[in-house]
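This report covers a sheet, its packed helices, a surface patch and selected salt bridges. Please consult the sequence and the structure while reading.

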Amino acid sequence: MEAMKRTVDCGALRKCDAGRKVILNGWVHRKRNHGRVFFINLRDRYGITQVTVDTEANAFLSGICDELRNEYCIAVEGNVSPRPDDMVNPSMETGEIEIAASNIVILNKCEVLPFQIEEESKANEDLRLKYRYLDLRSAGMQNRIRLRSDVTFAIREWMTANGFYEIETPTFIKSTPEGARDYLVPSRLYPGKFYALPQSPQIYKQLLMVSGFDKYFQIARCYRDEDSRGDRQPEFTQIDIEMSFSGREEVLTMTEGLMRHVFNKVLKTELPEKFKRLSWVDAMELYGSDKPDLRFDMPLQDFGPYVGAGSFQALKDALASGGAVKAIVVKGRADYSRKQIEELEAHAKIYRAKGLAWMKVAKDALEGGASKFFADNASLITCGLGASEGDLILLAADVNRKIANTAMGAVRSKLGRDLGLCDPAKFEFAWIIDFPMFEYNEDEKKWEAAHHLFTFPQEKYHETMESDPGSVKGDLYDLVLNGNELASGSIRIHDPAMQKKVFNIAGIDPEQAEKKFGFLTEAFRYGAPPHGGIAPGLDRLVMIMAGLTSIKDVIAFPKNSFAVSPMDDCPSEVDQKQLDELHLTVNRE
């Protein structure tokens, strides 16, 4: 094999290399037999090079070519030849040349493939995941994993240049409540005791601030035992960041700088100096979501001022009960059929809306649906909503304002997708700020932290937070990109007395707090500095940059939708000896 070790990769050769004797190693991507000449497209991670074999001139190589199949791993020796002008392939980077083979060695054969390795595989997901090592050979997956590597390098480059230390935190930690179930690891040495895999390095990065490191980051692996969906996996990666002596402005400015660097370095895309900002209340009122997609307009509008101008009793009842009536104007879509509107209504009902009313704007009038209730006030409504002839008006009402907003927000998102308004090559960032600090759990009749227990409440609420938890805004912020929550962060509590107040509001008594978080609260007693941070999701960032909708397509070895790896069949059973060593008994009912 040493004599056939590659001297150049399959993406490197150009017309200026004509006459060179080279050795290529790679996989047979395609083979074509044109009678007197075999054409072989040889592929590696760098590209594809065409190899030619003159069968009349070399019977030995002709025999080898007969044997070759797609994905055979081979070595090719030959001379670089320029292609004739009329045979140049402009779609290939190496399209000006080909290799006239003088020797071919089969390094390894390939059995019948479970699916063809193409630019984008058409095989079903579980088959792709079972043979992930084959799926990863495809150009699409190769490009996405390369993109992920480039993004990760750009992150490290910017963070290091800006004074951040990359510090690893433990993978085996104490189990603490962080919103999802922990993955637990039993201890062999301490029967009945368990480590937990970290849902995030939250507590440890705060301890690093107490330790005086000032600026920390980590490309951190995190684990949450929760149901999978397109943008979630049991194990995922986040860009974990923490800063001392900083407030919200410093964290937001730092994150904007990081994102500008990553997008410019990797995609050659310029981002604005400052990202848009929306309060949580405004985001919910205007877009029905705390992660709005701002690539298109179409805001939610308050239809309340116009309800009295009509006779639609259901809308009046919703307002009288303290609820809301929200409207969307869909520009130029008065041609929507009844079936299309019913599909939107069905989507709204998923989000607990009771229905979806509609009207179409005609010349000087409203037509169809709910228009009969507002026949005498068409111009008032169309002028107030900014609707024009040919537009579609959609309405949703509910006694619960949050349901009305959320349902219409979901309808807005569906319209954006259906109408092709979500351009994957467009990147619209926004900060969502001023989140509620606490939310009330109706089932358990108690207040809970809306994000996590270590968020610092905004200063103006310090005196009233215990008497009126529902009004408190936390020093919280989310970074949203194209309708995805890309990052979440906050200014942290560093004062033991304030931390005790938050625990108390959330119903965590001192004994429980000491058991779960004692080592953190004790650290706060030793000169803990003010600090804050943020944690962008690396998987989601790369997914959006790649123009995709599932993080599985940017992770080398993801789990499927049931948190299972079809490739190595994990999770799997272990033998009884291992269970005995861990002092565990498995109930298989």
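Is Ser-279 buried or exposed? Ser-279 is buried, because its relative accessible area is 19%, where buried means under 20% relative accessible area, exposed over 50% and partly exposed in between (1.4 Å probe, protein chains only). The model is predicted: local features need pLDDT of at least 70, side-chain atom pairs count only at pLDDT 80 or more, and totals for chains, interfaces and linings use all residues. Residues are numbered from 1 along each chain as its sequence is written, and side-chain values use heavy atoms, with hydrogens and water left out.

**Sheet and helices**

Ser-279 lies in strand S11; strands (E, at least two residues) and helices (H or I, at least four) are DSSP runs numbered from the N terminus. Leaving aside residues up to four places away in sequence, Ser-279 touches Ile-432, Ile-433 and Asp-434, contact being heavy atoms within 4.5 Å.

An open sheet of eight strands has the order S6-S9-S10-S22-S21-S20-S17-S11, with mixed pairing; two strands pair if DSSP finds at least two bridges between them. Its edge strands, each pairing on one side only, are S6 (165-166) and S11 (276-279). Helix H5 (residues 202-210) packs on this sheet, touching S9 (215-223), S10 and S22, and its direction makes about 25° with that of S10. Axes are lines fitted to C-alpha atoms, for helices over the stretch in contact, and angles run from 0 to 180 degrees between N-to-C directions. S10 (residues 235-244) and S22 (residues 531-536) pair in the antiparallel sense over four bridges, and Glu-242 has Gly-533 in S22 as its bridge partner.

**Salt bridges**

The whole structure holds 37 salt bridges, each a side-chain nitrogen of Lys or Arg within 4 Å of a carboxyl oxygen of Asp or Glu.

| Pair | N to O distance |
|---|---|
| Arg-156 and Glu-166 | 2.8 Å |
| Glu-157 and Lys-265 | 2.7 Å |
| Asp-391 and Lys-331 | 3.1 Å |

Asp-391 is buried, with a relative accessible area of 3%, whereas Lys-331 is partly exposed at 48%. Glu-157 is partly exposed at 30% relative accessible area, and Lys-265 is partly exposed at 36%. A network of salt bridges links Arg-128, Arg-132, Asp-135 and Asp-553.
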